[in-house]
Amino acid sequence: MTQLTDTHDNANDGLQTLFKNLPGMAYRCLNLPHWPMSFVSEGCEALCGYRSQELEMQSILWGDFTHRHDVAEVDRQVRAAADFDQPFEVEYRIVPRTGPHKWVWERGRVVGRLDDGTAIIEGFITDITSLRHAERMVNEQREQLAHVERLNTLGEMTAAIAHELNQPLTAIAIYSKSAKLLAQQGQQEKLLDVMDKMAQQSHRAGAVIERMQAMSYQSSHQQDQVNPTDLLKEIKDLAEIEAQVRHFTIDLKIPQHLPLISCDPIQIQQVILNLLRNGMQAMQTNQCSSGSAIELRAVIDQQQLWIKVTDQGTGIEDSMADKLFLAFASNKHTGKAVGMGLGLTIGKAIIEAHGGRLNYRNLTPAGAEFFFNLAIAPQVQA
């Protein structure tokens with residue numbers, strides 16, 4: 001009996017040593033509002049500023065200092081997992097006794113139930129604030145690179161944009177001279193017709209400038225609920241400026257009644273514009289031997305919206321398969337050393353930050369299809 005007691009004490013001592021060395025805290029709690037705890041390891045005080053005894057005596061509950069904007073979502077996720085005896089992982093903020101709020105990562109599982117069915121949960125919580133800060137810095141750097149790449153792309157398109165603007169501006173100049181002459185002659189009906197045409201041309205020029213301005217804006221890091229039909233039509237109009245100069249056409253194929261998607265629209269349009277321009281350059285490389293149309297298409301598959309850009313260019317060489325999305329290697333698709341060499345690299349990072357993936361496949365007899373997926377926005381119940 002003494003040997004058994006010694007063994008038990010040694011095991012407890014070993015657990016206490018383990019808990020002290022862990023960068024966080026272990027716990028046992030009931031799955032009730034604000035999670036009353038019956039056991040908390042000593043790492044609690046370093047994590048939240050409260051002693052383990054305070055939580056074990058339930059003079060304060062864990063949910064009391066869980067960030068008020070996060071507590072309901074954490075409760076929802078934990079309850080959903082506990083109802084089916086599934087393990088769970090959540091990330092959320094806590095407000096320590098002193099100092100700024102912290103981001104924590106928690107993993108737990110149901111280890112038993114009370115007679116009334118209340119789940120007993122054991123788990124581990126650790127501070128991931130520094131990781132969150134690092135992720136934010138990486139996202140900011142990626143955004144800065146993406147912004148520079150957008151400006152660089154617009155710079156490369158300068159000749160095409162100038163050509164597009166020159167047409168309505170020239171028309172406005174001609175119509176204005178005609179309007180002056182008609183006014184002098186008192187031809188009121190013809191004058192009104194000319195004025196209407198001037199207005200149409202000014203709107204056309206204004207639309208080009210607006211699309212350029214939108215692409216040059218620094219993104220906000222926020223994902224909004226976006227109408228993909230509008231998004232695709234807008235970027236098609238901008239890319240078509242360059243396509244017309246190159247004597248290409250862009251075929252836009254969109255199903256009716258597409259659901260809203262969650263994304264940063266400027267960043268997603270940047271990815272699509274880069275894919276369209278790469279496709280056009282690839283088609284120019286093989287002198288449009290397979291055709292002069294590039295396709296921009298949207299499809300719904302497995303509750304995801306897939307955007308696909310299909311060109312009739314040279315395709316991707318097998319030797320480039322593992323390097324295509326690396327910095328300074330992405331221009332191998334087009335066969336031309338243009339831009340920063342970061343287009344596909346940044347595009348891949350943008351899509352992955354949206355929870356999707358960017359990939360490609362070669363087509364027969366020629367060409368390549370680049371595609372990526374975006375999450376459909378949650379439906380709001382009326």
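## Close-up views of a predicted model

**View 1. Confidence along the chain.** This model is predicted. The protein has an average pLDDT of 82, and 84% of the residues score at least 70. Confidence is highest in strand β3 (residues 88-94), at a mean of 96, and lowest in helix α1 (residues 2-21), at 48.

**View 2. An open sheet of 5 strands.** The strand order is β7-β9-β10-β12-β11, and the pairing is mixed. β7 (249-253) and β11 (358-362) are the edge strands; each has a single partner, so one side of each lacks a neighbour in the sheet. On average, neighbouring strands are turned by 20 degrees against each other, direction ignored.

**View 3. The pairing of β9 with β10, and the helices on the sheet.** Strands β9 (residues 293-301) and β10 (residues 304-310) run antiparallel and are joined by 7 bridges. Glutamate 295 faces threonine 310 of β10. Helix α8 (residues 228-245) packs on the sheet and touches β7, β9 and β10. The direction of α8 makes about 170 degrees with that of β7. Helix α9 packs on the sheet too, touching β7, β9, β10, β11 and β12 (368-375). The direction of α9 makes about 140 degrees with that of β9.

**View 4. Helix α5 against helix α9.** The axes of α5 (residues 129-156) and α9 (residues 265-285) come within 11 Å and cross at roughly 45 degrees. The two helices are therefore oblique to each other. Their crossing is left-handed. Among the residues in contact are Arg142, Glu149 and Arg150 of α5, and Gln270 and Arg277 of α9. The contact residues divide into 6 charged, 3 polar and 3 nonpolar.

Notes: Residues are numbered from 1 along each chain as its sequence is written. This is a predicted model: local features need pLDDT of at least 70, side-chain atom pairs count only at pLDDT 80 or more; totals for chains, interfaces and linings use all residues. Side-chain values use heavy atoms; hydrogens and water are left out. Axes are lines fitted to C-alpha atoms, for helices over the stretch in contact, and angles run from 0 to 180 degrees between N-to-C directions. Helices (H or I, at least four residues) and strands (E, at least two) are DSSP runs, numbered from the N terminus. Angles under 35 degrees count as roughly parallel, over 145 as roughly antiparallel, 65 to 115 as roughly perpendicular and the rest as oblique. A crossing is left-handed if the near helix is turned anticlockwise from the far one by less than a right angle, and right-handed if clockwise. Contact means heavy atoms within 4.5 Å. Ala, Val, Leu, Ile, Met, Phe, Trp, Tyr, Cys and Pro count as nonpolar, Asp, Glu, Lys and Arg as charged, and the others, Gly among them, as polar. pLDDT is the predictor's confidence in each residue, from 0 to 100. Two strands pair if DSSP finds at least two bridges between them.
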